[in-house]
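Biologist: I would like to learn how to read a structure, one feature at a time. Could we go through one together?

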Amino acid sequence: MSAHRAEPPGKPLGLRERKKAQTRAAIQEHALRLFKDQGYAETTVQEIAAAAEVSPATFFRYFATKEDTIVLDRLDPLMIELFRRQPAELSPTEALRAAIRQSLSELTDSEWELESERQRLVMNAPELRVRMLDQLYEGIDLLVTLAAERTGRAPDDLSVRAWAGAVVGVMMATYRQLAVDAPLPKYLQTMDQAFDQLDGLKLSSGD
């Protein structure tokens with residue numbers, strides 16, 4: 001989970017917001033395909049805009065830089081929504097694992113392929129790996145918010161922050177091993193299995 005999300009979670013989108021989200025997604029899809037076909041460094045903003053049939057000015061209304069077309073993680077809003085849907089009696093770890101499993105059937109094969117390509121691009125470009133590390137730190141705050149909501153504990157509760165940090169640790173431990181060479185669904189399945197290692201870190205509802 002990263003903190004760079006397509007849209008804020010927990011809030012239904014109006015027609016205007018949905019159209020903006022569709023345009024943003026289309027620009028990103030064309031960017032990822034161009035990066036795959038001709039290389040990240042070799043692809044220009046003008047080429048991305050032309051492929052997406054928008055002007056460069058429109059591109060910059062949605063993405064501040066070319067780099068941001070890769071940083072945008074469209075999987076995060078889905079995972080957040082699925083996490084929040086889980087039964088209240090599930091612990092944060094149980095809710096997260098359930099969300100991961102359910103996410104595997106939520107995207108089409110082509111959407112998974114695009115997201116897998118995005119992850120490969122991140123790992124192969126040094127400047128993007130730096131951004132990824134920043135996102136992981138920001139992701140701790142996102143997980144803290146979700147865990148605090150579920151448990152009723154305060155966001156600054158040390159147990160909440162320790163749980164969030166442990167989750168990000170699992171993500172980092174499995175990411176390098178799988179995300180580059182394996183399809184993203186396979187990575188998520190392995191990450192789900194790795195959460196068995198968090199069984200000793202209990203985070204229950206606050207008193």
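Biologist: At what angle do the axes of H6 and helix H10 cross?

Modeller: Keep in mind that this is a predicted model. Two packed helices are described by the angle between their axes and by the distance between those axes. Here the axes of H6 and H10 (residues 184-194) cross at roughly 160 degrees and come within 10 Å. An angle over 145 degrees counts as roughly antiparallel, so H6 is roughly antiparallel to H10. Their crossing is left-handed.

Biologist: Which residues of H6 and H10 meet?

Modeller: From H6 come Arg97, Ile100, Arg101 and Ser103, and from H10 come Leu188, Met191, Asp192 and Gln193. By type, the residues of this contact divide into three nonpolar, two polar and three charged.

Biologist: Is Arg97 buried or exposed?

Modeller: Buried means under 20% relative accessible area. Arg97 has 13% relative accessibility, so Arg97 counts as buried. Leaving aside residues up to four places away in sequence, Arg97 touches Asp192, Gln193, Phe195 and Asp196.

Biologist: What angle do helix H5 and helix H6 make where they pack?

Modeller: H5 (residues 75-85) and H6 (residues 92-103) pack at about 125 degrees, and their axes are 8 Å apart. H5 and H6 are therefore oblique to each other. The crossing of H5 and H6 is right-handed, whereas that of H6 and H10 is left-handed.

Biologist: Which residues of H5 meet H6?

Modeller: Leu78, Met79, Leu82 and Phe83 do. On the H6 side they meet Pro92, Ala95, Leu96, Ala99, Ile100, Gln102 and Ser103. The residues of this contact divide into nine nonpolar, two polar and no charged. Ile100 and Ser103 are also listed in the contact of H6 with H10.

Biologist: Now the charged pairs. How many salt bridges does the structure hold?

Modeller: There are eleven. To read one, look for a side-chain nitrogen of Lys or Arg within 4 Å of a carboxyl oxygen of Asp or Glu. In the salt bridge of Asp141 with Arg161, the N to O distance is 3.0 Å. This pair links distant parts of the chain, with Asp141 in helix H8 (residues 126-151) and Arg161 in helix H9 (residues 158-178), 20 residues apart. Asp141 is partly exposed, with a relative accessible area of 41%. Arg161 also counts as partly exposed, at 36% relative accessibility.

Biologist: Which residue forms a salt bridge with Asp157?

Modeller: Arg153 does, at 3.1 Å from N to O. Asp157 counts as partly exposed at 22% relative accessibility, and Arg153 counts as partly exposed at 25%.

Biologist: To finish, how many helices and strands are in the protein chain?

Modeller: The chain has ten helices and zero strands. Buried residues make up 46% of its 207 residues.

Biologist: What share of the contacts join residues at least 24 apart?

Modeller: Start from the contacts between residues at least 6 apart in sequence; of these, 70% join residues at least 24 apart.

Conventions
Residues are numbered from 1 along each chain as its sequence is written. This is a predicted model: local features need pLDDT of at least 70, side-chain atom pairs count only at pLDDT 80 or more; totals for chains, interfaces and linings use all residues. Side-chain values use heavy atoms; hydrogens and water are left out. Axes are lines fitted to C-alpha atoms, for helices over the stretch in contact, and angles run from 0 to 180 degrees between N-to-C directions. Helices (H or I, at least four residues) and strands (E, at least two) are DSSP runs, numbered from the N terminus. Angles under 35 degrees count as roughly parallel, over 145 as roughly antiparallel, 65 to 115 as roughly perpendicular and the rest as oblique. A crossing is left-handed if the near helix is turned anticlockwise from the far one by less than a right angle, and right-handed if clockwise. Contact means heavy atoms within 4.5 Å. Ala, Val, Leu, Ile, Met, Phe, Trp, Tyr, Cys and Pro count as nonpolar, Asp, Glu, Lys and Arg as charged, and the others, Gly among them, as polar. Buried means under 20% relative accessible area, exposed over 50%, partly exposed in between (1.4 Å probe, protein chains only).
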